[in-house]
Amino acid sequence: MRKRFKSYDFAIILGATGGIGSGISYELINQVKKIYIFGTNLEKLSALKNELSQIENLQIYTEQMNFEDNDLVIKAKIESLNLQKNVGILVNCVGTYISKEFATLTYENITKDFLINVIRPMQIISSLVCYLEPGSLIINIGSSLSYHPKSNRVLSSSVKHAIRGFSLSLAEELAGLGIRVCLINPRSVATSLLKKNSSSESYQKAMPVEDIVRTVAMIVSCDDKTLFSEINVGASQGFLGQ
Ligand SMILES: NC(=O)c1ccc[n+]([C@@H]2O[C@H](COP(=O)([O-])OP(=O)(O)OC[C@H]3O[C@@H](n4cnc5c(N)ncnc54)[C@H](OP(=O)(O)O)[C@@H]3O)[C@@H](O)[C@H]2O)c1
């Protein structure tokens, strides 16, 4: 069998401190020499950094970034990262979730959710694309809500449709540069985000984070010419254990 010849130098994980993001970070420390982990909370970032420090000679950088901060703050933080053209894997695991009847959503709910789930990821990825080399990978974590909309989840379905459109069209655009973009659409995953927003029965039925991590590991281990533009994990039953 032909082996993957690409070895990745550097990974960046947005939303690394979350349930799915931390699982992916643990997986990727075995694949790279340097890793940048992003989150909103300094304590969570430093706890994750300590846990990831098990690999000898791995360089771990942390960046506290709240996507609700204004454009200038976000732009300045990205520019200060001092990156070189060696980013091999960029993963976006940032997400919030609102389950509310459409008519009860506030203007603030709608603005904030689009900002965190769509606008900032698009802006940040657009600033980072120039540091990706041919053969590198962008992985967006979307949701089964992006193609299987549900009532009371109009806002979450809308942002996930947007990130799906972004990811799939970006995959087309960057293919010519040899950069692969993959969207993973999970159904319910047993993380604190799901626990806060579903019944304990739904949480019990949810798939483990490891299944998303295995999906990422499979993509990373494939030949750098192989593109998985979209992978639906456990999608046949919709969202939140239904
Ligand atoms: N869990 C599920 O059932 C499920 C199903 C389908 C899709 N997904 C998607 O999978 C992704 C990860 O979800 P998860 O279950 O791992 O959720 P999670 O544990 O709540 O993690 C969410 C991540 O997003 C970050 N984040 C939240 N608000 C932010 C903000 N204002 N600025 C910057 N970062 C922010 C969090 O940072 P902090 O840790 O610093 O707060 C955290 O790292 C999301 O896009 C979610 O929609 C999840």
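Q: In which sense, parallel or antiparallel, do β5 and β6 pair, and over how many bridges?
A: This is a predicted model, in which local features need pLDDT of at least 70 and side-chain atom pairs count only at pLDDT 80 or more, while totals for chains, interfaces and linings use all residues. Residues are numbered from 1 along each chain as its sequence is written. Helices (DSSP runs of H or I, at least four residues) and strands (DSSP runs of E, at least two residues) are numbered from the N terminus, and two strands pair if DSSP finds at least two bridges between them. For β5 and β6 the pairing is in the parallel sense, and it extends over five bridges.

Q: In β7, which residue is the bridge partner of Leu183?
A: Leu183 of β6 is already the bridge partner of Asn140. β6 also pairs with strand β7 (residues 230-233), in the parallel sense and over four bridges. Within β7, the bridge partner of Leu183 is Glu230.

Q: How many of the seven residues of strand β6 are buried?
A: A residue is buried if 20 or more other C-beta atoms, placed from the backbone, lie within 10 Å of its own, exposed if 12 or fewer do, and partly exposed in between. Arg180, Cys182, Ile184 and Pro186 point one way from β6, whereas Val181, Leu183 and Asn185 point the other way, and all are buried. For strand β6 (residues 180-186), the number of buried residues is therefore seven of seven.

Q: Which hand does the β-α-β unit made by β2, α2 and β3 have?
A: β2 and β3 run parallel and are joined by six bridges, with Ile35 standing opposite Ile60 in β3. A crossover is right-handed if, with the strands pointing away from the viewer, the path from the first strand over the helix to the second runs clockwise. The unit of β2, α2 and β3 is right-handed.

Q: Against which elements do the buried residues of α1 pack?
A: α1 is mostly covered, with seven of its ten residues buried, namely Ile20, Gly21, Ser22, Gly23, Ile24, Ser25 and Leu28. Contact is counted when the C-beta atoms of two residues, placed from the backbone, lie within 7 Å. The elements packed against these buried residues are β1 (10-14), β2 (34-39), α2 (42-52), β4 (87-92), β5 (132-141) and α8 (209-221).

Q: Which residues have the most contacts inside the largest nonpolar core?
A: A nonpolar core is a set of buried Ala, Val, Leu, Ile, Met, Phe, Trp, Tyr and Cys residues joined through C-beta atoms within 7 Å. Cys93, leaving aside its neighbours within four places in sequence, is in contact with residues including Ile13, Ile20, Ile24 and Ile141. In the largest core, which has 45 residues, those with the most contacts are Ala11, Ile13, Ile89 and Cys93.

Q: Why is Met65 buried?
A: Met65 lies in the loop between β3 (59-64) and α3 (71-79). Leaving aside neighbours within four places in sequence, Met65 is in contact with Phe38, Thr40, Ile74 and Lys77. Met65 is buried because the other C-beta atoms within 10 Å number 20.

Q: What is the phi of Asn82?
A: Most residues other than glycine have a negative phi. Asn57, found in the loop between α2 and β3, has a positive phi of about 65° although it is not a glycine, and counts as exposed with 6 C-beta neighbours inside 10 Å. Asn82, in the loop between α3 and β4, is exposed with 6 other C-beta atoms within 10 Å. Although Asn82 is not a glycine, its phi is positive, about 60°.
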